[in-house]
Amino acid sequence: MKKVFIFLLSIASVMAVAQEQVAIEHVQQQLASAKAYTLVFLTQGKVKDAAKAAQNQMPHLQYLFSLKEGGHVSIFGPLTDNSNIRGILIFNVTDIELVKNLMEGDPHVKAGHLSYEIHPWFGVPGQTLGL
């Protein structure tokens, strides 16, 4: 009986947390600060030379960090599920031609190891990843 009570109590606490809602005013305030960005999906390129890709990895990372340090990119990183989409970047700019030009400078893109898809994206500034 004690185990059943503890189980029901834990379900009730989970349900209470799930039912909490953020105040409408908070949502409106956050949306008021939202802005347009550009989302880039890095995809598997046509060239599948593992040795050359390994040689390009550090220059590729240096390039991505330079885009971040230069203020063009807010966040970037790889996907870890080994799918056709290899990584993402969120650009702080909406100029698609600028994003294309910056992506063409990536060593992996130049070598054909990666390609990319560009998508307009809308988000709230200041959102962060947990540590």
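How many residues does helix α3 have, and how far does it reach from its first C-alpha to its last? Helix α3, residues 50-69, has 20 residues and reaches 28 Å, close to the 28 Å expected at 1.5 Å a residue. That expected span is 1.5 Å times one less than the number of residues, and helices here are DSSP runs of H or I with at least four residues, strands runs of E with at least two, numbered from the N terminus.

Some housekeeping, friends: this is a predicted model, where local features need pLDDT of at least 70 and side-chain atom pairs count only at pLDDT 80 or more, while totals for chains, interfaces and linings use all residues. Residues are numbered from 1 along each chain as its sequence is written, and side-chain values use heavy atoms, leaving out hydrogens and water.

Let's walk along the helix. At the start of α3, a side-chain oxygen of Asp49 comes to within 3.1 Å of the backbone nitrogen of Ala51. Further on, a kink of about 40 degrees lies at Asn56, shortly before Pro59; the bend is the angle between axes fitted to the seven residues ending there and the seven starting there. After α3 comes Gly71, with a positive phi near 85 degrees.

Now, which residues of α3 are buried? They are Asn56, His60, Tyr63, Leu64 and Leu67, where buried means under 20% relative accessible area, exposed over 50%, and partly exposed in between (1.4 Å probe, protein chains only). Gln55, also in α3, counts as exposed because its relative accessibility is 62%.

Finally, Phe91 is in contact with Leu67, among others beyond four places in sequence; contact means heavy atoms within 4.5 Å.

Note on methods. A polar contact is a pair of N or O atoms within 3.5 Å; within protein, one must be able to donate a hydrogen and the other to accept it, and residues adjacent in sequence count only if both atoms are side-chain atoms.
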